[in-house]
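Subject: Structure handover

Hello,

Here is the structure we discussed. My notes on it follow below.

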Amino acid sequence: MNLLHFETLKFIRKKKTLILLLLAVFLPIANYILSGLFDTHETERADFAIQASEAENSAQQIDDISQNEPAAKQAAKQTKKEATILEQLTSDVSSNDWSAFLKHQIAYDQLQLKGTKEGSIPMDIEDLSRIHKQIKLNTYLEKHHLEPEISGADRYGINYAHQFLSVTTPFLIFVLVLFAVIDILNNEKKLKTRDFMNMIPVSKSNLIQIKLMLNALFAFFLVIITTITSFLTGLIGKGLGTFRYPVLFHNPATDQIHIDTIGVWFLKYFSLASLFILLITLTAFLISKISTGDVVNALILLAILFLPSALGKYNNGFDKIMPFLPSSYLNIPNLLSGEALSQNAQLTFTNGIWSCIVFILLLYIVIFVITKIQKKI
């Protein structure tokens, strides 16, 4: 308990810790305010009116052509239906009738697919995939009486916390964690607290286990603070939100689409994020036994974390070993959306968990072997 109290006080009293905590609080709030000033949903809403007008004009032109060209009659009929639905969508958006909006959006997308099958609407594979995803998502939203994102649903507390973590992971969140861990470990050398702890008549193995646990918890605390701040910001700004809100998973290889909820997404995110934080802590601890400089340690750790996945994008021969490297799974949101599968078919959530666990165990063993040889932490 005394060691826990000592480590906690050491963590709280540092200026760098305060700066990192302030950043973890400030960034979600600043992002919420800025995203409100530049509301992209307003542009999306205006697009429906533009599309409705264009569809109406196209329908009229095709109708004129079809008088002398019978083959164009089916296209004219299709375009008129599209124009009608787009007008209904414009009305739904203006009146904030999101239940009607979802029904009309599903009908519009299904009409697009019908036109593609009949050959009246040319569409590439990406557009087809996008429409299938939209139908799946909107059908779920309609069934569970939820609002679409265009309504501003992503600004509710729970939804905004999910959105902020999706945008800032891996870079911002893990950079905050990285600097927190390195700062904790390097200050021990500078302030000679490691020398003091080496003099304590306690097993070095026990000391290391306590220190690694505390350092990882302090780092994880930053992520939790960021998440809580995001949630509270959205809660104050818009409302609670729901853990039942859908998150799409799309496998590009099989074109399989299924829906998770934000609640499931959070469980997967934090389970993998906690493993990464422990992995970063162990790696930083190992590096700090060699170097004392914050900048040098940060550069080494950044290279270890991000260089392998960067090489995988530009070197095809690197693909075979990517699934074995934890750094390949750092972009957790891409992993949970299925987007990572377009880079490598083996980049799955389960493989990410196993990869992290294996490397954590390896680093754990290396640290304890070195400590036993050096007889100090």
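This is a predicted model: local features need pLDDT of at least 70, side-chain atom pairs count only at pLDDT 80 or more; totals for chains, interfaces and linings use all residues.

A charge counts as sitting over a ring if NZ of Lys or CZ of Arg is within 6 Å of the ring centre and within 35 degrees of the ring normal. K238 meets this over the face of Y156, at 5.4 Å from the ring centre.

In one of them, the ring centres of Y32 and Y160 are 4.8 Å apart and the planes stand at 80°, so the pair is edge-to-face. Y32 belongs to helix α2 and Y160 to helix α7, so to speak of sequence, they are 128 residues apart and the pair links distant parts of the chain. Y160 also pairs with F164, with 6.1 Å between centres and 45° between planes, a tilted arrangement. Both Y32 and Y160 are buried, and F164 is buried as well. Separately, F220, F243, W265, F266, Y269 and F270 make up one aromatic cluster.

Nonpolar cores: the largest has 72 residues, and F101, F266, Y269, F276, L301 and I332 touch the most other members. Helix α11 (residues 262-288) supplies the largest share of this core, 17 residues. Another core, of six residues, lies apart from it and includes L20 and I225.

Beyond its sequence neighbours within four places, D109 is in contact with I131, Q134, I135 and N138.

Regards

How values were computed
Residues are numbered from 1 along each chain as its sequence is written. Side-chain values use heavy atoms; hydrogens and water are left out. Contact means heavy atoms within 4.5 Å. A nonpolar core is a set of buried Ala, Val, Leu, Ile, Met, Phe, Trp, Tyr and Cys residues joined through side-chain atoms within 4.5 Å. Buried means under 20% relative accessible area, exposed over 50%, partly exposed in between (1.4 Å probe, protein chains only). Helices (H or I, at least four residues) and strands (E, at least two) are DSSP runs, numbered from the N terminus. Rings of Phe, Tyr and Trp (its six-membered ring) pair if their centres lie within 6.5 Å; planes under 30 degrees apart count as stacked, over 60 as edge-to-face and the rest as tilted.
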